[in-house]
Amino acid sequence: MSKREAFLDAARTENVEDFLRLIKLHKERTDPFDIGEVLEELPTEQRHTLWSRLDSLLEQVLAAVPPERWSLRPGQEVAREDGMEVDAAADRTHVMSVVEGVTLVATLSINVLQDDAYKALLACADRLHDLLGSLPVSDEPLYLHLLRLFEAWWKKGLKKKEKFGRTAFLICLQKTTAKKSGADIQRLWALHNVLLGLDFTSEDNKQIKHLLLQCFQNVNFINHDDGQRFLVFLFRWHVSFIWMIHGVVKNQLNFFSKNVTTHIADIYFRAWKKAEGDFLDEIENTCIQNLMQSAILLPRTSPVYKKVLQIVSCFHSKKTVPNVDEMLYKLYKPILWRALSAPNYEVRANATFLFTDAFVIHDPSESSEKIDEAIQKQLDMLMGLLDDVHPRVRSTATLGVCKILAKFWEVLPPEVITDFMKKLLDLANDASCPDVRGTVLKCVGIILDNPLSHPLMEKLLPTLKYSIHDKSEKVRVAFLDLLIKVKAVRAAKFWDVCKMEHLLARLVSDSPPVSKRIVNLVFKSFFPVNESDKVWCVRCVSFLQTNGKAARKFYHFAHLYTAPTNIVKLILAIRRILNKCVVEHGDMSEINETNKENSIGETPLSVGDMALVAGLLEVVVILWRSVKKSLEKNVESQEYTTGKFSRVMAKYFHVFTDERCTVALTFLASLMPPASVPTFSLGVLSRLRRMESGALPSDFSHIIDCLCGWGQAHDIIQLITDWLAKALSNKTASKDDNRHAVRIQETEVAKPELALAYLEYLLSRKLTREDVLLNHGPLRQLHKVLEAWRSVLCAHLSSTEEMDPSYPTVETALKALTLHGRLSIHLQHYASEGRDFLQSIEHMASWVTQRVLPSMARHNEGDETEPDAQLDLARQTVEIFLTVCRDAVLLLGDEEFKFQILHLCSGILQSEKGCLCVSLVLCVLTEMARTDVPETSEDQRDPATVNLRVVDSIFHKILGLLSLRLRKDPEGGKELCSSLVPGLADFLQVVQTCEGNPSNPLNDLIFSTVFAAVIVESQYVLQKISHPEGVIIPETVEELRPVFGILMTAVLKDPDVTRAFLTKIALSLESEPIDSLIDLAAVLHVVSVISHTGKFKAGLKRAALSLNRKLQAHSAITANQDGDIPRAIYASAVKKLNDILDIPSSL
């Protein structure tokens, strides 16, 4: 039997197993059986017979296992008509195999159709189409086969192609939106014309519309070329669909990346370019013009502003494409020119950007005379925008003008260019705003991109030379960027624009961003990498002689602009100069190097010129430090460089004895292993021992840095510990044996002041601190010794007589207390997992409470035996401890510790003399407010919540203490109040950041306290009024009582704090029983002072309206006699409220 006959015979119900076997053979690539070839060989009648049999087979199979049984679970049995029970899953698998086989044959049959007689094939396709609704989602292979069948049917243009094409399109669309397959996107694009046959208004196509809109949210679709073609095509499906597309795109812009937004812009442009008639009008009016309006009206802080601008700018960049100019002119005409003169500066600035980006905006169909007239008007408008009152508009106009000049330099009249350049140079000196000056300098570089501008710019740029000394750093940075651009495009010589002397002067004193740019600018002048290292040395020596400070700063950043290899070459070249100097000095031993190596040219250097020698040594240290990490990675280079210097370091120390040279050589030695400088390394610690008390950090910093660089910080710690312990033991011996005339002379004198200076230096610098904290053992011993020094303070606090001169001084003991606290914090933060060192600070708190605060209390009680010196010592001790507490709260964040510190702060304020420490208590409260964030507002026992409530209580005590101080000592109280303003402002600013956090009660607590305090102060003034003429509403803080004044000064220092306080006032008026005339007048005093600033109009209006409503209840008071004080208060209040409510609400 032939293949044709076998296949035809298999297409029967009784031979279904043979049919499935042949289908399987077709799918196996190794088997020669191909159904496509069989179908081609079949005569027409046999094809019709085959299709009829397939339709019959499909019908009978579906009748035996209907679609409603396909959803049964595996293992579930059902009864057949003959009474037998069969597995539902097995039946379903069998049916699916038959359906898949029939679908495959039907798809291949479409390819060999030669006539219009395919009724049986159509019936088969209809039956397969009806199955789609019953297919499980898991049967994806069958879905794919049906998709291919319907796709082929539609492409062939057979009967009912609209029906099958729609189905294929829908299946493909669903697959595309659900997966990230490029093949599915390509298949969908191949079927895009199906959409033209679908009714947009039909409810049946609602699902398709929804899926099509999802395509504009699919990033993979937008990034695919065929996906972009399809999205462009969708703009031509139906006019009403365009605004739906645009709505989806606008909603998604916030989630699109810059690259995706670029594709979206291109899709819009291509859709516009291909559109005609109503579609074109709809795209222009609904999409493009809407985007233009958004680009004008959106604030620049909006997350979608830049993306909207990116899409609109895409159209601007296509101005060379036909009809784009005409479209821009038509769409901008009703919106852009009006926006350029809008009252809102942001609208003007946005419109200015669009105007300059789209310049020239004209209608190409008009005559050349009208076009010239329009261009002139727009140039005049640009000049006017450069004079705008707001700096942002001026800055935006400056950017636009510079872009226009760069683009149209060759076609603009010379007088227009000259006028614009003069105006830009005037703006470069705009004293009112550094942003404008900086923008001019940044944008002038854009003009330099046009080579035709260089002759004129070469003449004009020197007028900007003083920008290098501008008080704004960003202006100086912009000017240097301009000089770098001038140098790159060779528009002029940068030293003609700004003299080298000015550049070097700024290099010495300016910040790193400026200094780095100066080094970049002059790098080739002082470090010509294309020349030999001899030239580098000559330039280095010349640079040091000209400006040594600038040279050191230059070489500090030199490694950023050349390879580490060149830095090492320069180090070794400078070494040869120094060797030559040593040789000329007559000390040639250990300089075992060839004359060729030492030959460095005629570099004028002698031992007598120690300043230059010191400068070269400092440059070596600076350069070595800059490439230290690179050398550590290249062991061979590091060993070579170290070896070269180790052979001559001893001679350098012997010959170069100047102090600067010694310091530089010490730093240089610290960069090498100790074994490389054995003679020096053995005596470094002895130098520290031999230092005299009172030595400055500049005297010993290089020695400490050297030892830390060698990893010997523990030796310094041991020396400090020994000196401090010995000073304490000497103190004890002095007390016990001061009656004896004969004493044993110690071989080494303890220097506690110097020891503490060493320790402070170690802890103050990050690098040395890290080295010290690597070894905890010596630090624990030092920590105990420092703690023992509290006994010295106790002795001074309890002594009523003058102490023995040999006894440690108060200053030393206070310094030890400070460093003990700092060391405790560092050890707890870096070295301890428990609370060991935190407990040490807690013990210090107990000591302050038990021994120090009583001294202050005795002085309050009038104890004349308590001298002022002891009060001053107690005050200093408390201040030092509060400073330690502030730092500990900031770094450690232990709630139990915080509670103890708050308890101590409360104890300090119990004493009248506690006012001397109020400023530091306020600092502690600020850090508490900054670091305490309750996890939930529901748990009132949460430690953080409890601490914040204690903070409010202490703040209340501070205000009470200030009032007490003012009553007892008005002048001293006023001075104290003035000193608290900065700390109080910082505290309120931190508290304000808690606003809107429901779990943090501090904002409400503190602002309630402030509000109550200012109201009480104002009530006091109102109650003291004795006649109607005394009714005066204050307008400035200078007119207020001291406590009222400092609170309002602190509130007004930060706009956010002021707004939060106004909100508190309004809420209090709306929710609290503030009804009496005196209370309302007191609130008005607060509002009046805030209104005098001319800001916060929205908050003021809300508070004033609430006040006005409550004040109306007292209107009957106007019936009283003219001389009545309440009537005067009421009348002045009404007048002031009317003034405030006349302010337009613009915020």
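I take contact to mean heavy atoms within 4.5 Å.

**Entry 1, the model.** I am working with a predicted model, in which local features need pLDDT of at least 70 and side-chain atom pairs count only at pLDDT 80 or more, while totals for chains, interfaces and linings use all residues. Residues are numbered from 1 along each chain as its sequence is written, and side-chain values use heavy atoms, with hydrogens and water left out.

I looked up pLDDT, the predictor's confidence in each residue on a scale from 0 to 100, and found a chain average of 83, with 88% of the residues scoring at least 70. Residues 594-600 have pLDDT below 50, and this stretch has 15 contacts in the model beyond near neighbours in sequence. Residues 735-746 also have pLDDT below 50, with six contacts counted beyond near neighbours in sequence. I note that where pLDDT is low, the predicted coordinates should not be read in detail.

I counted secondary structure as DSSP runs numbered from the N terminus, helices being H or I of at least four residues and strands E of at least two, and the chain comes to 58 helices and two strands. Of its 1147 residues, 52% count as buried, where buried means under 20% relative accessible area (1.4 Å probe, protein chains only).

I located phenylalanine 667 in helix H37, residues 659-670, and it is buried, with a relative accessible area of 16%. Leaving out residues up to four places away in sequence, phenylalanine 667 touches Val621, Arg625, His702 and Asp705. I also looked up serine 701, which lies 34 residues from phenylalanine 667 in sequence and 9.8 Å from it in space, C-alpha to C-alpha.

For axes I used lines fitted to C-alpha atoms, for helices over the stretch in contact, with angles from 0 to 180 degrees between N-to-C directions. The axes of H21 (residues 391-408) and H23 (residues 434-447) come within 8 Å and cross at roughly 10°. H21 and H23 are therefore roughly parallel to each other, a term for angles under 35 degrees. Among the residues that meet are Arg394, Leu399 and Cys402 in H21 and Asp435, Val440 and Cys443 in H23.

The axes of H49 (residues 895-910) and H51 (residues 943-968) come within 10 Å and cross at roughly 15°, which makes H49 roughly parallel to H51. The residues making this contact include Phe899, Leu902 and Leu909 of H49 and Val950, Ile954 and Leu961 of H51.

Notes: Parallel < 35°, antiparallel > 145°, perpendicular 65-115°, else oblique. Buried < 20%, exposed > 50% of the residue type's maximum accessible area, 1.4 Å probe, protein only.
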